[in-house]
Amino acid sequence: MELLDRITAFTTFAKLAVFVAPLLFIGCPKDNPPARPRASVSTTTRPVNPSPAVGAAFNGERAMDHVKKQIEFGPRPPDTQQLAKTRAYITNELKAYGLTVSLDEFTATTPQGEKKMANIVAEIPGETNTLILITSHYDTKFYKDMNFVGANDPAASVGTLMEIARVLGSRKEKPKVTYRLVFFDGEESFCEGWSDCGDAQNPDNTYGSRHYVSQLRAHKELENTEAMILLDMMGYKNLELGRDTTSSRWLQDIIWKTGRELGYEKVFIDREEGVGGDDHEPFLRAGVEAVDVIQLTSYPHWHRADDTIDKLSAQSMKIVGETILASLPKIAEHVTKK
Ligand SMILES: [Zn+2]
């Protein structure tokens, strides 16, 4: 994501700038996440709907191990050995959790020529073919002269999604709806800025998510796809999630309310988040309800060489992971009732 062009394009720039600018330059958001969660998906006394089949609980340390592993591979732009190794790692883990994994492979035409890309798709079959997607991109942005390892963008959301996959895969009872975990290739632009290259028809970004929407359409699955949840940059130790203004409000409301019920009211806050473009957009354009769970404007290390693992916390990934897991039955209920 390119903050400057995104924000410039964003209509509430003036509103945002008032509090974004100091954060960007001081680089020190003030709120710390809660020291301890007040509830866990593994307990029976939590205040939200108990899931009918609680298996494993979300483990933040495991998510952090997945982050370490990704960073060890080095910078991971599309069509590189490093991203291929990352893909193999993610795929093997998902299979070890008992999930059915497939690759959605394609060739994209980019400002750097033809690039081979592959989305990773893991499925938890439900009682119906109604689909809810939980997603993250797994490529890092290409930089010619920067060792960009992308701890928060996107290793943290990948690690969190993998841990969500393990928890869902450990449950014995079939869910009401089918969950698909999708790891997108090619979210980042090859050119420096998000919209420096390409045009409205062929943008230089969101290659994987656009391709996946085309696959859902081709397989007549688009009409069954009732919700898409995107995780992107949600592992910062000073986690604070504002509301992306393009997201579907009811979906965002369920997640924000659930997070607050779990005791994370300092994380799920009401300020607007100006994102300006991300993997949820191709879904919104295709008529799929979608939400982006992202901390962009108050993450001072975004697209910088210091987006490193010391900026993250296992607790932040646990907060988001638990909240998404607790939100899923409510989202499933909402989409099956309408
Ligand atoms: Zn990025």
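1. Burial. A residue is called buried when its relative accessible area is under 20%, exposed when it is over 50%, and partly exposed in between (1.4 Å probe, protein chains only). Met233, at 0% relative accessibility, therefore counts as buried. This residue lies in the loop between β5 and β6 (241-244), and its phi is near 60 degrees, a positive value in a residue other than glycine.

2. Basis of the note. The model is predicted: local features need pLDDT of at least 70, side-chain atom pairs count only at pLDDT 80 or more, and totals for chains, interfaces and linings use all residues. Residues are numbered from 1 along each chain as its sequence is written, and side-chain values use heavy atoms, with hydrogens and water left out.

3. Overall composition. The chain has 9 helices and 8 strands; helices (H or I, at least four residues) and strands (E, at least two) are DSSP runs, numbered from the N terminus. Of its 338 residues, 60% count as buried. Among contacts in the chain with a separation of 6 or more, 79% come from residues 24 or more positions apart, a contact being heavy atoms within 4.5 Å.

4. The sheet. An open sheet is formed by 6 strands in the order β1-β2-β4-β3-β5-β8, with mixed pairing. Its edge strands are β1 and β8 (290-294), each of which pairs on one side only. From one strand to the next the twist averages 20 degrees. Two strands are taken to pair if DSSP finds at least two bridges between them. Strands of a sheet pair through backbone hydrogen bonds, either parallel or antiparallel.

5. Pairing within the sheet. The antiparallel sense is found between β2 and β4, which pair over 5 bridges; here Ile124 has Tyr179 of β4 as its bridge partner. β3 and β5 pair in the parallel sense, also over 5 bridges, and the partner of Ile134 in β5 is Ile229. β5 also runs parallel to β8, to which 5 bridges join it; Met228 stands opposite Ala290 in β8.

6. The loop between α6 (207-218) and β5 holds Lys220. Lys220 has a positive phi of about 55 degrees although it is not a glycine. Lys220 is exposed, with a relative accessible area of 59%, whereas Met233 is buried.

7. Helix α4. This helix (residues 81-96) has 16 residues and reaches 23 Å from its first C-alpha to its last, close to the 22 Å expected at 1.5 Å a residue; the expected span is 1.5 Å times one less than the number of residues. The buried residues of α4 are Leu83, Thr86, Arg87, Tyr89, Ile90, Thr91 and Leu94. Their cover includes α3 (60-72), β1 (100-110), β2 (113-124), α5 (151-170) and β4 (178-184). Just after α4, Gly98 takes a positive phi of about 85 degrees.

8. Helix α5 on the sheet. α5 lies across β2, β3 (131-137), β4 and β5 (225-232), and runs at about 145 degrees to β3. Axes are lines fitted to C-alpha atoms, for helices over the stretch in contact, and angles run from 0 to 180 degrees between N-to-C directions. Pro154 lies in α5, and a cis peptide bond joins Asp153 and Pro154, with omega of about 10 degrees.

9. Helices α5 and α9. The axes of α5 and α9 come within 10 Å and cross at roughly 45 degrees. The two helices are therefore oblique to each other; angles under 35 degrees count as roughly parallel, over 145 as roughly antiparallel, 65 to 115 as roughly perpendicular and the rest as oblique. The contact is made by Ala156, Thr160, Ile164, Val167 and Leu168 of α5 and by Met317, Gly321, Ile324, Leu325 and Leu328 of α9.

10. Helices α3 and α9. The axes of α3 and α9 (residues 314-337) come within 8 Å and cross at roughly 115 degrees, which makes α3 roughly perpendicular to α9. On the α3 side the contact is made by Gly60, Glu61, Ala63, Met64 and Val67, and on the α9 side by Ala314, Met317 and Lys318.
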